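Please keep the sequence and the 3D view open while going through them.

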Amino acid sequence: MRRYGKHTDEDDIRSRPNRKGNRPRTNIRPKHEDAAGGMVLTVDRGRLTCLVEDRVVMAMKARELGRKAAVVGDQVALVGDLSGRKDTLARIVRIEERSSVLRRTADDDDPYERVVVANADQLAIVTALADPEPRPRLIDRCLVAAFDGGLEPLLVMTKSDLAPPDKLLELYGDLDIPFVVTSREELENGDAAGRVRTHLDGRVTAFVGHSGVGKTTLVNALVPEDRRRTTGHVNAVTGRGRHTTTSALALPLSGAGGWVVDTPGVRSFGLAHIDPSRVIHAFPDLEPGTEGCPRACSHDEQDCALDAWVEEGHADPARLYSLRRLLATRERREGD
Ligand SMILES: Nc1nc2c(ncn2[C@@H]2O[C@H](COP(=O)(O)OP(=O)(O)OP(=O)(O)O)[C@@H](O)[C@H]2O)c(=O)[nH]1
Ligand SMILES: [Mg+2]
Ligand SMILES: [Zn+2]
């Protein structure tokens, strides 16, 4: 099924019965072929801040889009007043097909899934080494969501001035995931931003993690203040000092380009929507070994062919262990 296919005039007519009699169809609304492309930077109670060329344009969703929500990172088509002047409001008439979706549910039994960020290439999973304490289960869950949604994970461990990273590195070192460790001092002398930056160039990276781990601090170190001011209402979102972030916000990187998306802290990362069969795609070295698996194998069951295949020496047993650990994440409760 094509969920975000091209919008046609025919769709318009069907999705909106002509209630007021015989108005000529073609005048119902501007031709959407003329719509301008934009990107959603932040969403606040139904108002979407979009970047159209180099202008920041406020918009709302056209009714014809129905329940489909546009989220931060979405590429959208807009019509109406695109001047970006104060008190103007454009309409979003189309949400383009997404290259990736980061989804979560409030908890595993929650059928309501929300898309956190669209079109991100990378998920920066931010964990403080102390204050708040690291929560490996939350990290595992974010990893599963990343693999499921088609995002590459990056581990960012902050506050190494408060506690050493050894224990976490032991846990995640063998997962083959790139990581960066940062401290207060490195934030101040620019090293933190510099080191994280090497992983961000030219990509769209969403920063997620528990509240207070330092996502906004890091994003602010990455994006100079004047850039933050021109494209977002960042002060309204985060303010100065310790203000918890209340809505996701995309900010452009300079130089080689790319975007960073700051998101509000999460307590949990529900995985009700995850299809475990997709997690294997994050382990291309193991995938060939699944050929002998029973149909619809979860790869975490008795008849899974991976055990024998790995035993034969085709792949590193640590990788199978990692896969199983992520697959089991879904059954475990957070905070275990
Ligand atoms: N000691 C130390 N404190 C840090 C470091 N990085 C950030 N902090 C502090 O941690 C606190 C929380 O930082 P934020 O950047 O607001 O955290 P956040 O992840 O954006 O939090 P939410 O928006 O609530 O999700 C602030 O007081 C920061 O100054 C660090 O490397 N070391
Ligand atoms: Mg924040
Ligand atoms: Zn299997």
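A residue is counted as near a molecule if one of its heavy atoms lies within 4 Å of it, and helices are DSSP runs of at least four residues, numbered from the N terminus. With that in hand, the largest share of the shell around ligand 1, three residues, can be assigned to helix α6. Please bear in mind throughout that this is a predicted model.

1. **The shell around ligand 1.** Ligand 1 has 19 residues around it, and those that come nearest are D161, S211, K215, T217 and T244.

2. **The magnesium ion.** Ligand 2 is a magnesium ion, coordinated at 2.0 Å by the OG1 atoms of T216 and T245. These two residues belong to distant parts of the chain, 29 residues apart, since T216 sits in helix α6 (residues 215–222) while T245 is in the loop between α8 (234–237) and β12 (249–252). Are the two threonines buried or exposed? T216 counts as buried because its relative accessibility is 16%, under the cut-off of 20%, and T245 is likewise buried, with a relative accessible area of 9%.

3. **Positions annotated in UniProt.** An unreviewed UniProt entry places the feature "binding site" at C293, C297, H299 and C304. One of these, H299, lies in the loop between β13 (259–262) and α9 (306–311). H299 has a relative accessible area of 8%, so it counts as buried.

4. **Backbone geometry to check.** Most residues other than glycine have a negative phi, and most peptide bonds are trans. The peptide bond that joins D131 and P132 is cis, with omega at about 0°, and P132 is found in the loop between β8 (122–128) and α2 (136–149). R45, which is not a glycine, has a positive phi of about 40°; R45 occupies the loop between β1 (36–44) and β2 (47–52), and with a relative accessible area of 78% this residue is exposed. K159, also a residue other than glycine, has a positive phi near 60° and is placed in the loop between β9 (152–158) and α3 (166–172).

5. **The contacts of D74.** D74 belongs to the loop between β3 (55–61) and β4 (75–80), and its relative accessible area is 0%, so the residue is buried. What does the side chain of D74 reach at 2.8 Å? At that distance is the backbone nitrogen of V71. The side chain of D74 also makes a polar contact, at 2.7 Å, with the side chain of R98.

6. R103 lies in strand β6 (residues 101–105) and is buried, with a relative accessible area of 15%. The C-alpha atom of R103 is separated by 8.2 Å from that of L271, although the two residues are 168 residues apart along the chain. H32, in the loop between α1 (9–15) and β1, is buried as well, with a relative accessible area of 4%. For H32 and L78, which are 46 residues apart along the chain, the C-alpha atoms are separated by 8.2 Å.

Note on methods: Residues numbered from 1 in each chain as written. Chains lettered and ligands numbered in written order. Predicted model: local features only at pLDDT ≥ 70, side-chain atom pairs only at ≥ 80, totals over all residues. Heavy atoms only, no water. Donors = N, O, S within 2.8 Å, 3.2 Å for Na, K, Ca; no water. Buried < 20%, exposed > 50% of the residue type's maximum accessible area, 1.4 Å probe, protein only. UniProt positions renumbered as here; feature names shortened; annotations may be inferred. Polar contact = N/O pair within 3.5 Å; in protein donor to acceptor, adjacent residues only side chain to side chain.
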